[in-house]
Amino acid sequence: MRKLFGYILTPLHYVYFGLILVVFHPIQWLSLKLGGYNTHKKSVDILNLFLTSSYYLLGNTVKFINTQQLPTNRSIIFIVNHQSMYDIPPLIYFLRKHHAKFISKIELAKGIPSISFNLKYGGAANIDRRDPKQSIAEILKLANNMKVKTWSTVIFPEGTRSKTGVMKPFAIGGIATILKKVPEALVVPIAINNSWKMVKYGMYPLNTFNVMTWEVLSPIEPKGLTAEEVVKNTEEVIRAKLTV
């Protein structure tokens with residue numbers, strides 16, 4: 001039955017989702033040109049609020065659970081499991097006060113209305129996986145902005161999405177690089193459940209009537225821990241929260 005509703009509701013979702021991207025592209029451009037970073041960021045926050053609302057057209061719901069008292073005057077490394085592209089808009093919107101930037105594939109920084117513009121001009125690290133030197137330089141640039149501007153970052157250490165919700169092992173690379181450059185950063189795990197179910201059948205039809213959750217877990221103070229220990233601890237606490 002959910003799949004049947006998916007055939008009916010998916011076109012409505014895509015029309016709404018695409019319209020949001022097209023409308024906000026010139027809004028972002030104007031915001032950046034006229035108001036600089038802060039105005040552009042506000043437009044991106046609103047963009048991702050609308051993108052998140054598109055999930056509800058499919059009968060899906062978003063529950064962002066955050067009972068933690070996280071600082072806004074300290075950089076944070078948010079370490080998150082990755083289940084679908086739909087993980088991202090709620091993270092951007094609900095973590096907006098932390099200026100959280102993503103490490104993204106460089107291919108996404110061109111050709112996609114709104115999304116590519118934000119990746120190119122919003123402070124993300126856009127890495128070329130075929131070019132290790134370029135990737136490290138981009139991550140170091142992001143780390144420097146975290147240190148100077150108290151920005152935060154969101155890292156998906158699995159490296160790719162889990163199509164079944166079963167979490168893959170975490171890689172240490174990007175996390176270790178940022179911790180070395182910004183040792184004062186706080187590490188905060190986030191566990192995502194059930195966003196993979198939205199794309200259970202692929203991009204068409206999208207799945208319907210799922211309760212998807214993003215839960216912010218207890219912060220980990222990295223001082224006194226190796227990068228390996230930090231990654232191991234975050235992997236364990238996130239894995240313990242997954243329902244798959």
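**A partly exposed tryptophan and the overall fold**

W29 counts as partly exposed, because its relative accessibility is 43%, a value between the 20% and 50% cut-offs. The model described here is predicted. W29 sits in helix α1, which covers residues 2-53. In sequence, W29 and E184 are 155 residues apart. In space, 34 Å separates the two, C-alpha to C-alpha.

The secondary structure of the whole chain was then considered. The protein chain contains 6 helices and 7 strands. Read from the N terminus, the order of elements is α-β-β-α-β-α-β-α-β-α-β-β-α. The protein chain has a radius of gyration of 18 Å, close to the 18 Å given by the globule rule for 244 residues, so the chain is as compact as a globular protein of that length. The C-alpha trace spans about 55 × 45 × 40 Å along its principal axes.

Packing and contacts were examined next. Of the 244 residues in the protein chain, 49% count as buried.

The protein chain carries 30 positive and 14 negative charges. The mean positions of the positive and negative charges lie 7 Å apart.

Notes. Residues numbered from 1 in each chain as written. Predicted model: local features only at pLDDT ≥ 70, side-chain atom pairs only at ≥ 80, totals over all residues. Heavy atoms only, no water. Helix = DSSP H or I, 4+ residues; strand = E, 2+ residues; numbered from the N terminus. Rg over C-alpha atoms; globule rule 2.2 N^0.38 Å. Buried < 20%, exposed > 50% of the residue type's maximum accessible area, 1.4 Å probe, protein only. Lys, Arg positive; Asp, Glu negative; His and termini not counted. Charge placed at Lys NZ, Arg CZ, Asp CG, Glu CD.
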